[in-house]
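I opened my notebook for a first walk through this structure. Here is what I looked up, entry by entry.

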Amino acid sequence: MGIEIKMPALSPTMEEGTLAKWLVKEGDEVRSGDILAEIETDKATMEFEAVDEGKIGKIVVAEGTEGVKVGTVIAEMAGEGGEGAKAAPKAEESAPPAKSDAAPEAPKKAESGTTKLATQAQATIADPDLPEGTEYVKTTVREALRDAMAEEMRADERVFVMGEEVAEYQGAYKVTQGLLEEFGDRRVIDTPITEYGFAGIGAGAAMGGLKPIVEFMTFNFAMQAIDHIINSAAKTNYMSGGQMRCPIVFRGPNGAASRVAAQHSQNYGPWYAAVPGLIVIAPYDAADAKGLLKAAIRSDDPVVFLENELVYGRSFDVPKVDDYVLPIGKARIMRPGKDVTLVSYSIGVGLALEAAETLAGEGVEAEVIDLRTLRPLDTATVLASLKKTNRLVVVEEGWPVCSISSEIAAVVMEQGFDDLDAPVLRVTNEDVPLPYAANLEKAALIDAGRVVEAVKKVCYRK
């Protein structure tokens with residue numbers, strides 16, 4: 001008798017997911033425990049194992065399909081004797097008899113705020129430093145990060161990757177996919193679950209002349225290792241009088257994800273950007289993820305590289321050029337405008353672009369700046385834009401107090417006050433630990449609508 005393989009619930013809050021990749025094909029014999037597919041959940045990218053033995057009879061849902069509801073039949077497996085899968089009953093056959101009284105409507109589930117956080121907005125401005133006619137390739141942020149590490153590992157044998165599940169499992173979010181196979185277990189190293197331990201080993205290896213890339217499963221877990229990041233890595237150059245450097249990259253997802261609540265939803269950008277001796281990078285799209293990670297790996301100083309799991313699976317254009325490296329500390333103008341400046345970084349850039357598109361329909365031309373690097377901060381690009389627009393709003397997926405937004409506002413007050421026609425406004429998350437409840441999470445997170453409202457305030461529009 002055939003068996004229906006259904007979309008599994010791989011986390012307590014998972015209601016749907018992306019069937020990222022099939023690892024079997026029709027006709028393959030599988031045994032219990034064999035990996036069938038990779039599925040992107042609301043928390044991570046996970047492998048899905050076979051429970052039963054048999055032959056894959058039919059792939060029902062193609063790889064790359066998004067929004068597959070939990071419980072949906074994604075494949076059919078032939079049972080013993082090659083019998084085909086049991087056909088799903090027709091709706092009219094399986095439907096219960098109609099009742100005279102209408103069934104009560106199921107309560108509606110509240111929408112998480114993260115569904116609006118990961119906007120589809122993309123910039124259309126070409127990089128002026130690229131040759132005319134450069135070809136672009138659609139690449140996910142996950143693939144761009146992997147490609148950056150692989151290229152630098154091929155070029156420099158001192159570069160290696162370490163962290164929890166980076167080797168055999170290929171990363172909790174599959175960012176290190178394929179690295180173990182190409183570079184072996186001396187350069188792609190699985191560690192025990194001890195962030196303090198492997199961050200310290202990494203810092204020591206960097207001081208000894210190697211170039212480690214330390215992956216944290218999330219930067220929330222890096223709080224266990226923050227002493228090594230700040231007191232060991234960041235201060236080595238200063239405390240040795242310039243005799244010793246610490247060329248290490250600490251990288252991993254940062255910021256709010258879908259319903260992971262107060263302890264796993266924090267934006268550490270402002271935390272690390274306050275520390276002298278650190279470089280802090282927070283890319284938005286795949287091209288920046290690749291170009292800036294390559295630059296980070298080549299840096300002689302410690303780099304905190306803040307990614308965002310909500311965009312790992314999203315595709316962007318990446319220039320098809322040899323050795324695509326971007327400068328650290330240089331912001332970019334994502335969209336030109338003359339009426340107001342929107343400054344953001346990481347996932348907030350997408351919201352700023354979405355808001356700018358809405359505002360354009362109302363006759364307001366917003367200039368969108370992606371900071372890219374949080375330390376050093378490219379204040380010159382921000383101030384030049386302010387000089388043109390005379391109004392500025394900072395968009396940040398994070399808390400408002402002592403934030404990057406606060407720093408931008410202070411810089412503008414000190415160096416751009418005469419260019420202001422309105423107070424600088426900040427659009428940030430609410431100043432609370434991020435709630436677990438979907439409706440409260442949505443209320444606490446920023447969205448494009450709030451950015452539009454802030455722009456109307458500084459433009460004195462209703």
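**Entry 1: Gly313**

I began with Gly313, which is partly exposed, at a relative accessible area of 32%. I was working with a predicted model, and I kept that in mind throughout. Gly313 sits in the loop that runs between strand E15 (303-307) and strand E16 (315-319). I then asked which residues Gly313 is in contact with, leaving aside neighbours within four places in sequence. I found Glu40, Thr140 and Arg142. I also looked up Thr139: its C-alpha atom and that of Gly313 are separated by 9.1 Å, though the two residues are 174 apart along the chain.

**Entry 2: the whole chain**

I noted 14 helices and 22 strands in its secondary structure. Of its 462 residues, 53% are buried. The chain exposes about 21,300 Å², and carbon and sulfur atoms supply 52% of that area. I also looked at contacts between residues at least 6 apart in sequence, and 77% of these join residues at least 24 apart.

I then went through some backbone angles. A cis peptide bond joins Arg375 and Pro376, with omega about 0 degrees. Pro376 belongs to the loop between strand E20 (373-375) and helix H11 (379-389).

Glu165 is not a glycine, yet it has a positive phi of about 65 degrees. I located Glu165 in the loop between strand E10 (159-163) and helix H4 (179-183). Ala261, also a residue other than glycine, has a positive phi near 70 degrees. Its place is the loop between strand E13 (249-253) and helix H8 (269-273).

Are these two residues buried or exposed, or in between? Glu165 counts as partly exposed because its relative accessibility is 37%, a value between the 20% and 50% cut-offs. Ala261 counts as buried because its relative accessibility is 18%, which is under 20%.

**Entry 3: cavities**

How many cavities of 30 Å³ or more does the structure hold? I noted 3. The largest cavity has a volume of about 60 Å³. Among the residues that line the largest cavity are Asn254, Gly255, Tyr345 and Ser346. Glu396 and Glu397 are also part of this lining.

**Entry 4: Thr428**

Thr428 is in strand E22 (residues 425-428). Thr428 is buried because its relative accessible area is 11%, under the 20% cut-off.

Note on methods
Residues numbered from 1 in each chain as written. Predicted model: local features only at pLDDT ≥ 70, side-chain atom pairs only at ≥ 80, totals over all residues. Heavy atoms only, no water. Helix = DSSP H or I, 4+ residues; strand = E, 2+ residues; numbered from the N terminus. Buried < 20%, exposed > 50% of the residue type's maximum accessible area, 1.4 Å probe, protein only. Contact = heavy atoms within 4.5 Å. Areas by Shrake-Rupley, 256 points an atom, 1.4 Å probe, with all protein chains shown as cover. 1 Å grid on protein atoms, 1.4 Å probe; cavity = no way out; pocket = protein on both sides within 12 Å on 5 of 7 lines; lining within 4 Å. Points joined across faces, edges and corners; volume = space filled by probe spheres on them.
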